[in-house]
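Hi there,

Here is the structure I promised to pass on. Have a look at it first, and then read my notes below.

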Amino acid sequence: MKSKIRIILELIFCIIILSVLISQINIKETIEIFKSLEYVWIALGIVVYIISLLITAYSLKVLFDSIRHISFKEWMSFYLVGFSMGLILPGRAGDLSIIYFAKEKGFDIGASTALTITDKLITLIIFSILAVIGIFTVLNSSQLYLGLLFAAICIFLGIFILTPPGRKCILMLIGKYADKFQGFYKTFRNLLLHHKDKVAINIIITLLRPLGNALLIIL
């Protein structure tokens, strides 16, 4: 009974979200844009997007493989759900739903959280470096400098929670739920000490992602 109610509520929520999004679209203008498109370039763009999505999914999977190997097909079956949620929920919070789905596949919450945060931290550091290069070579704006400051704070906090004082602060914040996150630091340490090759693959793919995004925009 509860599952049926949950499904109904999820459907209602999705319908509301879609209705709000559709209400913001100028249908007439959209039709005119579609008439002027060259669909060969759109098709190429879709191919690039799909390849980029698959490679990005693999970069996260490779980190999870440091604990337990899972087939790529099975991984994609729940990665795409989390990715889709990330496109709708604020701040791409849906991306973190991968932690829930990984739990269903036998991964501990603490371990899944450590691996997901590691992936996000790598992405944030690399994209922040690229942003700095862009700002100092192309743009000049006080707002952009504030953005850089915010990114630096996020990186600092991300690194801080991996230190002993940071872990103590996190344990104090989550209180009675701390037991659910056992294995967080152990997983992170194991990843850096014994699976440097997997971290390297993640970093390389993350470096390539902006190139894929740029190619997609050009197409």
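**What I found**

Let me start with a pair of charged side chains: lysine 35 and glutamate 32 meet in a salt bridge, at 3.9 Å from N to O. Before I go on, please keep in mind that this is a predicted model, so every number here is computed from predicted coordinates.

Both partners, lysine 35 and glutamate 32, sit in helix α2 (residues 27-36), where three residues, or about one turn of the helix, separate them. Lysine 35 has a relative accessible area of 62%, and because that is over 50% it counts as exposed. Glutamate 32 comes out at 46%, which makes it partly exposed. As background, side chains of opposite charge can pair when their charged atoms come close.

How many salt bridges are there by this rule? The count comes to two. The other pairing joins the side chains of lysine 61 and aspartate 65, with 2.7 Å from N to O. Here lysine 61 is buried, and aspartate 65 is buried too.

Now for the overall picture.

The mean pLDDT of the protein chain is 77, and 79% of the residues score at least 70. Which helix has the lowest confidence, and which the highest? The lowest is helix α8 (residues 164-174), with a mean of 68, while helix α3 (residues 39-64) is the highest, at 88.

Quite a few of its residues are buried, among them Gly45, Val48, Leu53, Thr56, Leu60, Lys61 and Phe64.

Helix α10 (residues 196-218) gets the same kind of check: with 23 residues at 1.5 Å each, it should span 33 Å, and its end C-alpha atoms lie 34 Å apart, which agrees. The buried residues in α10 are Lys198, Val199, Asn202, Ile205, Thr206 and Gly212.

These two helices also pack against each other. In general, two packed helices are described by the angle between their axes and the distance between the axes. For α3 and α10, the angle is about 165° and the axes are 9 Å apart. Which way do α3 and α10 run relative to each other? An angle over 145 degrees counts as roughly antiparallel, and therefore α3 and α10 are roughly antiparallel. Their crossing is left-handed.

- Leucine 208 is found in helix α10, and it counts as partly exposed at 48% relative accessibility.
- Serine 66 has its place in the loop between α3 and α4 (72-88). Serine 66 is buried, because its relative accessible area of 9% is under 20%. From serine 66 to lysine 196 the C-alpha distance is 9.8 Å, although they are 130 residues apart in sequence.
- Serine 112 belongs to helix α6 (residues 109-137). Is serine 112 buried or exposed? Serine 112 is buried, with a relative accessible area of 0%. Serine 112 and phenylalanine 64 are 48 residues apart in sequence, and their C-alpha atoms are 7.5 Å apart in space.

If you want a place to start looking, open α3 and α10 together, the pair with axes 9 Å apart.

Cheers

Conventions
Residues are numbered from 1 along each chain as its sequence is written. This is a predicted model: local features need pLDDT of at least 70, side-chain atom pairs count only at pLDDT 80 or more; totals for chains, interfaces and linings use all residues. Side-chain values use heavy atoms; hydrogens and water are left out. Helices (H or I, at least four residues) and strands (E, at least two) are DSSP runs, numbered from the N terminus. The expected span of a helix is 1.5 Å times one less than its number of residues. Buried means under 20% relative accessible area, exposed over 50%, partly exposed in between (1.4 Å probe, protein chains only). pLDDT is the predictor's confidence in each residue, from 0 to 100. A salt bridge is a side-chain nitrogen of Lys or Arg within 4 Å of a carboxyl oxygen of Asp or Glu. Axes are lines fitted to C-alpha atoms, for helices over the stretch in contact, and angles run from 0 to 180 degrees between N-to-C directions. Angles under 35 degrees count as roughly parallel, over 145 as roughly antiparallel, 65 to 115 as roughly perpendicular and the rest as oblique. A crossing is left-handed if the near helix is turned anticlockwise from the far one by less than a right angle, and right-handed if clockwise.
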